[in-house]
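Morning, everyone. I have one structure to go through today, so let me put it up.

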Amino acid sequence: MADDPNDSPSLLWTRVGAAEPGKSDDDIRRNFSVLEFSQEAAFVTAATEILRRDLGYVRSLRAQQSMLADGRPMPMMSYGLVEYLMSLDFSASAVLELGGGQSTLFWAARAQSVRTIEHDADWLSRISRSNLGNVSIVEVRQDGYVGALSALEERFDIIVIDCAANRFECARAAGPLLREGGMIILDNSDWHPRTAAYLRSLDLIQLDYPDFRPLHHFRCTTSIFLHPDFRPVPAGPRLPPVPRGGKDIGPVNDWDVPARG
């Protein structure tokens, strides 16, 4: 390994093949089956592998659709937020989507009902072909989202603002439709700071999830805005669950139990 003053002096060794106990450092370095690399290189390799293997970034690129590593559809939103949403139980929730697509399939698999407002003919066709029994579609023109919202009489537990339209005006029209204890999701919130500020003015609690996402080479933020009465219902035995690419030490973590005596 070439000397580089920018490299960390702390090196990691990994062996391909069986271990050989009792060997000196020099003996280990001479072994053809040993790789030697810096902490920085290890981090980049690990992060790339988590994106590729655990989060499905490469699979999404190849399919040109937003999906997880196992092929399940996911919204084209921050990975961290999507993992959080997957950890919650939405089986009794009514979802309103402004802008549909892979996210519609994601919510249809988790929520009691999904109302999707969309103007794009291609997405409308894809959603319709899926024949999702708990999804109803409202077709609008690109400037028709606010009007469609104003015509709705029911309220929703989850409202997703991810449409190719004026998101500030959509947020103003959607706010009164949120049920107590519900959540509004604003995608690309870093691009829509005025919309985020407006949602905060409704006494909603803002939580930001800056992260990578499928089909993008840069990080972007998705934010959730929680009604003060929001209470998360876990979808599994633990909340939070172990993240993709994480390490599960819960069963052996002595700092996570009441102290003895």
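When I say that residues pack against an element, I mean contact, that is, heavy atoms within 4.5 Å. This is a predicted model.

I'll start with helix 9. Its buried residues are Thr195, Ala196 and Leu199. They span an arc of only 100 degrees around the axis, so they sit on the same side of helix 9. What do the buried residues of helix 9 pack against? Helix 8, at 167–174, strand 7, strand 8, at 205–211, and strand 9. Arg194 and Ser201, on the other side of helix 9, are exposed. Just after helix 9 comes Asp203, with a positive phi of about 65 degrees.

Ser189 lies in the loop between strand 7 (178–186) and helix 9 (193–201). Is Ser189 buried or exposed? Buried, at a relative accessible area of 6%. Leaving out residues up to four places away in sequence, Ser189 touches Thr221, Thr222 and Ser223.

Now the cores. The largest nonpolar core has 28 residues, and those with the most contacts inside it are Leu85, Trp107, Ile158, Met183 and Ile185. At least two residues of this core come from each of helix 4 (79–86), helix 5 (102–108), strand 6 (156–161), strand 7 and strand 9 (220–226). Helix 4 gives the largest share, 5 residues. A second, separate core has 25 residues, including Val140, Leu177, Leu178 and Leu186.

Back to Ile158 for a moment. Again leaving out residues up to four places away in sequence, Ile158 touches, among others, Phe90, Leu96, Trp107, Met183 and Ile185.

That's what I have.

Technical notes:
Residues are numbered from 1 along each chain as its sequence is written. This is a predicted model: local features need pLDDT of at least 70, side-chain atom pairs count only at pLDDT 80 or more; totals for chains, interfaces and linings use all residues. Side-chain values use heavy atoms; hydrogens and water are left out. Helices (H or I, at least four residues) and strands (E, at least two) are DSSP runs, numbered from the N terminus. Buried means under 20% relative accessible area, exposed over 50%, partly exposed in between (1.4 Å probe, protein chains only). A nonpolar core is a set of buried Ala, Val, Leu, Ile, Met, Phe, Trp, Tyr and Cys residues joined through side-chain atoms within 4.5 Å. The arc is that of the directions from the helix axis to the C-beta atoms.
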